[in-house]
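The following questions and answers examine the architecture of one protein model. The sequence and structure are shown first.

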Amino acid sequence: MSFLVVEGLSLSFGGVRAVDDVSFTLAKGELLALIGPNGAGKSTCFNMLYGVSRPDSGSVKLDGNELVGLKPRQIWRLGVGRTFQITATFTSMTVCENVQMALLSHANRTFGIFRRAHDAYRDQAMDLLDIIGMRGQADRPTNVLAYGDLKRLELAIALANEPKLLLMDEPTAGMAQPERRSLMKLTADLVRDRGTSVLFTEHDMDVVFEHSHRLLVLNRGRVLAEGSVAEVRADPKVREIYLGG
Ligand code: ADP
Ligand code: MG
């Protein structure tokens with residue numbers, strides 16, 4: 001049975017239908033890549049799934065719960081995680097402290113008791129740092145990290161919420177190809193080990209083909225194609241519009 005069911009999602013800006021009647025499903029433990037040219041409507045779709053934008057019409061059901069109309073925080077509480085860029089406020093903390101903060105927040109503690117509870121989540125945070133291969137950097141300040149490490153840390157922070165669905169809009173933006181591959185490999189391993197469902201966008205088709213279970217191709221706000229990597233690669237419409245023949 002599908003874990004996420006998106007039906008007839010549409011949103012216009014002015015006269016432009018940025019997302020036009022988009023429907024798709026996502027199973028438990030599935031890695032679905034949302035691809036398409038710039039302006040295809042990928043980020044607009046993510047924003048509606050996060051609860052940041054409200055669709056003009058359509059429905060988003062997660063495990064039977066309607067997400068349309070809920071606030072981002074309510075959606076987060078239902079187990080939808082996303083990667084956020086680490087902002088200046090948090091770069092003064094160490095790598096481990098950033099993950100501890102996220103764990104605290106997941107446990108619904110308040111920011112105010114962070115100092116006292118500082119040690120409480122250290123072990124759990126270190127376990128997450130093991131997953132992303134950053135235990136050795138736990139006590140370094142975040143602001144000295146290499147860009148790729150910062151991106152992996154953002155993934156660990158998203159994982160602290162134990163998401164059932166992880167939404168990643170261009171998680172590898174700005175990364176060099178070897179780092180991009182390694183972040184997506186890490187994500188694919190997580191899906192396998194934890195059964196997390198992942199929806200992600202990625203420009204590098206080699207990385208997409210290597211790591212996704214299924215692809216959804218958008219063009220001008222509409223679904224152009226959907227299927228396995230082999231099916232989508234062989235689709236003449238996709239080849240013409242996106243893959244360049
Ligand atoms: P993608 O992420 O696939 O590159 P977007 O979802 O960002 O595409 O954009 C889809 C279309 O919607 C584009 O034509 C874009 O210009 C338009 N768009 C996106 N966000 C807004 C907005 N806040 N206001 C007006 N137009 C927008
Ligand atoms: Mg985008």
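Q: Which element gives the most residues to the shell around ligand 1?
A: Ligand 1 is surrounded by F13, V16, A18, G36, N38, G39, A40, G41, K42, S43 and T44, where a residue is near a molecule if its C-beta atom, placed from the backbone, lies within 6 Å of it. This is a predicted model, in which local features need pLDDT of at least 70 and side-chain atom pairs count only at pLDDT 80 or more, while totals for chains, interfaces and linings use all residues. Residues are numbered from 1 along each chain as its sequence is written, and chains are lettered from A and ligands numbered from 1 in the order in which they are written. At least two shell residues come from each of β2 (16-27) and α1 (42-50), and the element that gives the most, with three residues, is α1.

Q: How many nonpolar, polar and charged residues does the shell around ligand 1 have?
A: Ala, Val, Leu, Ile, Met, Phe, Trp, Tyr, Cys and Pro count as nonpolar, Asp, Glu, Lys and Arg as charged, and the others, Gly among them, as polar. By these classes, the shell around ligand 1 has four nonpolar, six polar and one charged residues.

Q: What is the strand order of the open sheet of six strands?
A: Strands (E, at least two residues) and helices (H or I, at least four) are DSSP runs numbered from the N terminus, and two strands pair if DSSP finds at least two bridges between them. The pairing in this sheet is mixed, and the order is β6-β7-β8-β3-β9-β10.

Q: Which strands stand at the edges of that sheet?
A: The twist of the sheet averages 20 degrees from one strand to the next. Each edge strand has a single partner, so one side of each is left without a neighbour in the sheet; these strands are β6 (80-82) and β10 (222-227).

Q: Which residue is the bridge partner of L34 in β9?
A: Strand β3 is joined to strand β8 (residues 197-200) by three bridges in the parallel sense, with L32 partnered by L199 in β8. With strand β9 (residues 214-219), β3 also pairs in parallel, over four bridges. In β9, the partner of L34 is L216.

Q: Which residues of β7 are buried on each side?
A: Strand β7 (residues 165-168) pairs in parallel with β8 over four bridges, and with β6 over three bridges. L166 stands opposite V198 in β8, and G81 stands opposite L166. In a regular strand the side chains alternate between the two faces of the sheet. Both faces of β7 are covered, by buried L165 and L167 on one side and, on the other, buried L166 and M168.

Q: Which residue in β4 is the bridge partner of L4?
A: A second open sheet, of four strands, has the order β2-β1-β4-β5 with antiparallel pairing. Its edges are β2 and β5 (65-66), each with a single partner strand, so one side of each is left without a neighbour in the sheet. Five bridges join strand β1 (residues 2-13) to strand β4 (residues 57-62). In β4, the partner of L4 is L62.

Q: What is the angle between helices α4 and α5?
A: Axes are lines fitted to C-alpha atoms, for helices over the stretch in contact, and angles run from 0 to 180 degrees between N-to-C directions. The axes of α4 (residues 95-106) and α5 (residues 122-131) are 9 Å apart. The helices are roughly perpendicular to each other (65 to 115 degrees), and the angle is about 110 degrees.

Q: Where does D63 lie?
A: D63 has a positive phi of about 55 degrees although it is not a glycine. With 14 C-beta neighbours inside 10 Å, D63 counts as partly exposed. Its location is the loop between β4 and β5.

Terms used:
Parallel < 35°, antiparallel > 145°, perpendicular 65-115°, else oblique. Buried ≥ 20, exposed ≤ 12 C-beta atoms within 10 Å, placed from the backbone.
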